[in-house]
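Student: I would like to learn how to read the aromatic side chains of a structure. Could we go through one together?

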Amino acid sequence: MTSYSDLVDVRDGIWEVPEGWRQGRGAWGGLVVAAAVRAARAAGGDVHPLREISVHMVGPVLAGPARVTCTLVRRGSATAVWHVAIGLADGQTWAVATVVLGADRALDVEGVPVARRPDAPDWADTAPLTLEPPLAPEFLQHLAVRPVSGYPYSGTSDEVLGWVAPAVPLTSYDDATLVGLVDALWPAALVQVSTARPMATLSFSATLLVDPASVDPSAPLLHRGRMLGLAEGYSTESRELWTPDGRLAVHNSQVIAIIR
């Protein structure tokens, strides 16, 4: 089985969007995010770490070859900003991203993080759950998921909490695969309803807060998703990925459309 990491490579401006990783009609958002990061890094050869990525998912990214174009917005002495568009050669666009790469700064202000890892059972004591069609989007069969709370269609206000990892273990994380994994679990809005409802991410913004090479790929990461607000069919959600040793690895905000 081809690994999650191999599936997000962009070569010569083409991303081969895989079959079997759909979330609805289009590719799982985590793949789209990871491919945008890989594309930006390859375009400029920038060595600075990923600091932030913002993606607007304006249409389903369909399986097959996708055209990926990268435009340098600005390169300063310590920061490079790239615009990435994913779509078809005829000009149809499915997703647009802004990728910010930046050098280390102000290391003298490092301190204890304000946020604290949510309480959760150890991942080794949490049973894995098989998630596959028709009960779940097909991409979830490629992830190892150990849910703790916040099950879809339960009609509650519980947070989404669970341990996640690629089903095919990676030898190491890079910035693309780590940031993409924050999109692993279902929207918190899906917990609050009691029947199946189609939903789609419109905007995705994530900040990378650890060196990916410092994250142990043999252990899952703790995912937490919370709905912060809901108005006129649009949900604002906050998501986090935590390492087992208590470090906040990725923080993510999303706007999700509840379609009907």
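Student: Are Tyr4 and Trp28 buried or exposed?

Tutor: This is a predicted model, in which local features need pLDDT of at least 70, side-chain atom pairs count only at pLDDT 80 or more, and totals for chains, interfaces and linings use all residues. Residues are numbered from 1 along each chain as its sequence is written, and side-chain values use heavy atoms, with hydrogens and water left out. Buried means under 20% relative accessible area, exposed over 50%, and partly exposed in between, with a 1.4 Å probe and protein chains only. Both Tyr4 and Trp28 are buried, and for Trp28 the relative accessible area is 0%.

Student: How many aromatic pairs does the structure hold?

Tutor: Rings of Phe, Tyr and Trp (its six-membered ring) pair if their centres lie within 6.5 Å; planes under 30 degrees apart count as stacked, over 60 as edge-to-face, and the rest as tilted. The structure holds four such aromatic pairs. One of them joins Tyr4 and Trp28, whose ring centres are 5.6 Å apart with planes at 45°, so this pair is tilted.

Student: What kind of pair do Trp28 and Phe139 form?

Tutor: Trp28 and Phe139 form a stacked pair, with 5.0 Å from centre to centre and 5° between the planes. This pair links distant parts of the chain, since its two residues are 111 residues apart. Phe139 has 2% relative accessibility and therefore counts as buried.

Student: Which residues do ring pairs link into a cluster?

Tutor: The cluster linked by ring pairs consists of Tyr4, Trp21, Trp28 and Phe139.

Key: Helix = DSSP H or I, 4+ residues; strand = E, 2+ residues; numbered from the N terminus.
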